[in-house]
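Hi there,

Here is the structure I promised to send over. Have a look at it first, and my notes follow below.

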Amino acid sequence: MARILVIYGTTDGQTAKIATALGRDLRSQGQVADVIHAGDAAPAPSDYDGVIVAASVHAGGYQRDLRRWVRRHVADLSHTPNAFVSVCLGVLQHDPAVDRELAAIRERFVADTGWRPMTTKVVAGALPYTQYNWAKRLVLKRIVQKAGGDTDTSRDYEYTDWDDLRAFGSTFAATVQRCLERLSEPSRFAGVGAA
């Protein structure tokens, strides 16, 4: 059984929902999973066997609290099996220009934090129009309209592929488990050179 931290940053709540689902799915597989907002008194990665970092793209970047946490713990992250879940709506466009822009946002995150994730999963988020004030609703409706998306602001839209996310969590848990098994194996060189 592995101990896995799912730490997240969120703006409108979809990334919190995604992190919670990952934690629940990991627990259903027998793992110990803590789901913690990066703005809280978040623990260090060294307390865990694996870490999933989740954040959403807003205004060309990720949440400040999450970026700070990653910068503070970059050394520990590099010695722990880890993954980055990038939540955004742009992934739905299937447009090479948008894909390049999203890749550039992820690369700025890497440059800003110094952390290069072992694996990255891009996940579609949501449009909770009914939670937005009128100005944000109007701005997002225009952006989404240009992309050919859903523009009925009287309802919310959720685009997250939960089955795909569950499969990602299972794969990550298996990777962490393999790392733990390797660490527990006796060294082939134990006793070599002993007198």
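Thr-80 sits in the loop between helix 3 (74-77) and strand 4; helices (H or I, at least four residues) and strands (E, at least two) are DSSP runs, numbered from the N terminus. This is a predicted model, in which local features need pLDDT of at least 70 and side-chain atom pairs count only at pLDDT 80 or more, while totals for chains, interfaces and linings use all residues. Residues are numbered from 1 along each chain as its sequence is written, and side-chain values use heavy atoms, leaving out hydrogens and water.

With a relative accessible area of 6%, Thr-80 is buried (buried is under 20%, exposed over 50%, partly exposed in between, with a 1.4 Å probe and protein chains only). A polar atom of the Thr-80 side chain lies 2.9 Å from the backbone oxygen of Asp-76. Leaving aside neighbours within four places in sequence, Thr-80 is in contact (heavy atoms within 4.5 Å) with Pro-45, Tyr-48, Asp-49, Gly-50, Val-51 and Met-118.

Val-51 also stands opposite Asn-82 in strand 4. Strand 3 (residues 50-56) and strand 4 run parallel, joined by six bridges; two strands pair if DSSP finds at least two bridges between them. Five bridges join strand 4 to strand 5 (residues 120-124), again in parallel, and Val-87 has Val-123 as its bridge partner in strand 5.

How enclosed is strand 4 (residues 82-88)? Seven of its seven residues are buried, so strand 4 is largely enclosed by the rest of the structure. Asn-82, Phe-84, Ser-86 and Cys-88 point one way, and Ala-83, Val-85 and Val-87 the other. In a regular strand, side chains alternate between the two faces of the sheet.

Now the charged pairs. There are 10 salt bridges in the structure, each a side-chain nitrogen of Lys or Arg within 4 Å of a carboxyl oxygen of Asp or Glu. Among them, Lys-121 pairs with Asp-164, with the closest N and O atoms 2.5 Å apart. Lys-121 is in strand 5 and Asp-164 in helix 6 (residues 162-184), so this pair ties together parts that are 43 residues apart in sequence. Lys-121 counts as buried at 18% relative accessibility, whereas Asp-164 is partly exposed at 34%.

Another salt bridge joins Arg-71 to Asp-112, with the closest N and O atoms 2.8 Å apart. Arg-71 belongs to helix 2 (residues 64-72) and Asp-112 to helix 4, 41 residues apart. Arg-71 is partly exposed at 34%, and Asp-112 is partly exposed at 35%.

Best wishes

How values were computed. A polar contact is a pair of N or O atoms within 3.5 Å; within protein, one must be able to donate a hydrogen and the other to accept it, and residues adjacent in sequence count only if both atoms are side-chain atoms.
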